[in-house]
Amino acid sequence: GSNQITLGMTPTEIIDTCGQAGEPSMVTEHVRPALGDSARNDKDVFEKWLYPLNDRRGNSHVVIKNGEVVKIFTTGR
């Protein structure tokens, strides 16, 4: 599933592309002040979707900022 996810995808596109494999095992959400013009009081919403790797040696992480994939990385156990 996570190897089909690319930068710029939306959560809906992830599920449409990957099917059931696109469902993350865990999702965390964080809201932070947006960078830039602080007078506008904008917020950035970050979600991190976690996918365990099939070989159990780590996890793939998909970071979504304001509804768009901005980073994909893998960590070991």
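Predicted model: local features only at pLDDT ≥ 70, side-chain atom pairs only at ≥ 80, totals over all residues.
1. The overall strand arrangement comes first. Four strands make up an open sheet whose order is β1-β2-β3-β4, and the pairing within this sheet is antiparallel. The edge positions are taken by β1 (26–33) and β4, each of which pairs on one side only. From one strand to the next, the twist averages 20 degrees.

2. Helix α1, which covers residues 11–18, packs on this sheet and touches β2, β3 and β4. The direction of α1 makes an angle of about 20 degrees with that of β2.

3. Strand β2 (residues 43–52) is joined to β3 by 7 bridges, and the two strands run antiparallel. Within this pairing, Trp 49 has Val 62 of β3 as its bridge partner.

4. Strand β3 (residues 58–65) pairs with strand β4 (residues 68–76) in the antiparallel sense, over 8 bridges. These two strands form a hairpin with 2 residues between them, and Asn 66, which belongs to the turn, has a positive phi of about 50 degrees.

5. His 61 deserves a paragraph of its own. This residue lies in strand β3, and its bridge partner in β4 is Phe 73. Is His 61 buried or exposed? With a relative accessible area of 9%, His 61 counts as buried, because this value falls under the 20% limit.

6. Leaving aside residues up to four places away in sequence, His 61 touches Lys 48, Trp 49 and Leu 50, together with Lys 71, Ile 72, Phe 73 and Thr 75. With Thr 75 there is also a polar contact between the side chains, at 2.9 Å.

7. Which rings have a charged end sitting over them? The charged end of Lys 71 sits over the ring of Phe 73, at 5.2 Å from the ring centre, and that of Arg 32 sits over the ring of Phe 46, at 5.5 Å from the centre.

Note on methods
Residues numbered from 1 in each chain as written. Heavy atoms only, no water. Lys NZ or Arg CZ within 6 Å of the ring centre and 35° of its normal. Pairing = 2+ DSSP bridges. Axes fitted to C-alpha atoms, helices over the stretch in contact; angles between N-to-C directions. Contact = heavy atoms within 4.5 Å. Buried < 20%, exposed > 50% of the residue type's maximum accessible area, 1.4 Å probe, protein only. Polar contact = N/O pair within 3.5 Å; in protein donor to acceptor, adjacent residues only side chain to side chain.
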